[in-house]
Amino acid sequence: MSTVRDANAGDIVDFNESTALDLILATVKDTPNPRNRALFEALLRHLIGFVLETRPTPQEWRTGLEFLKRTGQISTEMRDEFGLLDALLGTEMLVDIINRQRPENATPNSVLGPFFNPNAPRKPYLADITGGVPGERVVLYGEVKSLDGKPIAGADVDIWQTDEDGRYDAQMPGPFEINLRGKFTTDAQGRYACVTVRAHHYDVPTDGTGGEMLRAMGRKAGRPAHIHMMIEAPGYDTVITSIFPAGDPLIGSDAGFGVRKRLIAAYANATAADAERFSMKLPFLTMKFDIALVPAGVAAGR
Ligand SMILES: [Fe+2]
């Protein structure tokens with residue numbers, strides 16, 4: 001004798017286009033954490049809404065699932081293909097903007113990107129980070145300050161960028177060697193400076209699903225030239241940002257949505273006074289970029 005009570009056929013709600021959303025939402029109604037419940041509900045509403053609106057064929061749906069599968073398969077410790085999709089779809093910047101509503105005069109965040117290396121070597125003021133690669137020499141310098149203009153001493157300024165061909169150290173031929181990056185600590189006046197090369201615009205990797213998506217959309221893969229920075233100081237909100245040199249041909253069409261007006265800075269031809277100040281031989285370029293930090297906790301968006 002069966003111990004399972006026969007279901008009354010009248011109690012069964014058929015899963016169909018009209019009932020799908022309610023039936024699926026019912027599966028998360030007991031989610032213990034209220035925030036998780038809100039996230040699940042919104043995700044499912046949009047997902048079911050997407051299917052009902054676009055009415056994909058089984059082949060189209062499978063194409064989407066296979067795309068996600070391949071995104072996972074190509075990802076490694078060194079390659080974050082989901083992170084690339086996050087940047088290319090604008091969601092990386094949007095989540096950051098929602099959570100980091102800094103005052104107008106504070107330095108905003110930009111895209112972290114996949115080439116940050118937490119093991120960048122610590123370097124003294126005005127150290128050369130070029131490792132001898134070719135390219136126009138640039139003295140990149142500035143001050144880290146609080147919003148009211150007071151210098152912040154002892155801030156860590158992590159800098160990383162491409163060579164003149166748009167390649168990071170991890171993309172250069174030959175055995176891997178850390179290059180074009182360094183961690184600088186500001187002095188008593190909040191100053192940092194390094195000798196680097198003119199960065200170049202580059203294409204994000206297009207040999208994975210990020211590239212497939214761009215081609216399917218008829219989009220370009222280029223990011224304008226930029227110099228990445230992470231600035232950390234005790235008691236202040238960490239800033240992950242980039243400097244975008246003015247005049248780059250791609251500055252208005254960044255595939256990663258990282259450009260913000262406050263982050264654009266110009267190269268200048270060094271003067272004799274610059275040569276003396278930085279103990280460099282002319283000709284070279286200078287770029288000044290000051291950073292304004294907000295106290296920790298002030299920038300929360302929610
Ligand atoms: Fe980058």
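Contact here means heavy atoms within 4.5 Å of each other. Helices (H or I, at least four residues) and strands (E, at least two) are DSSP runs, numbered from the N terminus. The structure is a predicted model, with local features needing pLDDT of at least 70 and side-chain atom pairs counting only at pLDDT 80 or more, while totals for chains, interfaces and linings use all residues. Residues are numbered from 1 along each chain as its sequence is written, and side-chain values use heavy atoms, with hydrogens and water left out.

Thr209, Gly210, Gly211, Met213 and Leu214 of H6 are buried, where buried means under 20% relative accessible area, exposed means over 50%, and partly exposed is in between (1.4 Å probe, protein chains only). What do these buried residues of H6 pack against? Their partners are H3 and helix H4 (81-88).

Two packed helices are described by the angle between their axes and the distance between the axes. Axes are lines fitted to C-alpha atoms, for helices over the stretch in contact, and angles run from 0 to 180 degrees between N-to-C directions. Angles under 35 degrees count as roughly parallel, over 145 as roughly antiparallel, 65 to 115 as roughly perpendicular and the rest as oblique.

Take H3 and H6 to begin with. On the H3 side, Phe67, Arg70 and Thr71 do the touching, and they meet Thr209, Glu212 and Met213 of H6. Sorted by class, this contact has 2 nonpolar, 2 polar and 2 charged residues. For the classes, Ala, Val, Leu, Ile, Met, Phe, Trp, Tyr, Cys and Pro count as nonpolar, Asp, Glu, Lys and Arg as charged, and the others, Gly among them, as polar.

H3 also meets H4, with axes that come within 8 Å and cross at roughly 120 degrees. This pair is therefore oblique too. Phe67, Leu68, Thr71, Gly72 and Ile74 of H3 make the contact with Glu81, Phe82 and Leu85 of H4. Here the count by class is 5 nonpolar, 2 polar and 1 charged.

How are H4 and H6 placed relative to each other? Their axes are 9 Å apart and the packing angle is about 30 degrees, so H4 and H6 are roughly parallel. Glu81, Leu84, Leu85 and Leu88 of H4 meet Thr209, Gly210, Met213 and Leu214 of H6. The residues of this contact divide into 5 nonpolar, 2 polar and 1 charged.

Next up is the metal. The iron ion is coordinated by Tyr168 (OH), Tyr202 (OH), His226 (NE2) and His228 (NE2), at 1.9 to 2.2 Å. Donors are N, O and S atoms within 2.8 Å of the metal (3.2 Å for Na, K and Ca), and water is not among the atoms, so sites may look incomplete. The donor residues follow the spacing Y-x33-Y-x23-H-x1-H in sequence. With angles of 89 to 165 degrees among the 4 donor atoms, the site is irregular. His226 and His228 are both buried.

Asp169 lies in the loop between strand E4 (156-161) and strand E5 (181-185). This residue counts as buried because its relative accessibility is 3%. Leaving out residues up to four places away in sequence, Asp169 touches Phe176, Glu177, Ile178, Asn179 and Arg181.

Most residues other than glycine have a negative phi, and most peptide bonds are trans. Leu126, in the loop between strand E1 (122-123) and strand E2 (127-128), has a positive phi of about 70 degrees. Ser279 has one of about 50 degrees, and this residue is exposed, with a relative accessible area of 65%. A cis peptide bond, with omega about 0 degrees, joins Leu282 and Pro283. Pro283 is found in the loop between helix H7 (272-278) and strand E13 (285-288), and Ser279 has its place in the loop between H7 and E13. Asn269 and Pro283 are 14 residues apart in sequence, yet 7.4 Å apart in space, C-alpha to C-alpha.

Terms used
Tetrahedral: all angles 85-135°; square planar, octahedral: opposite > 155°, others 65-115°.
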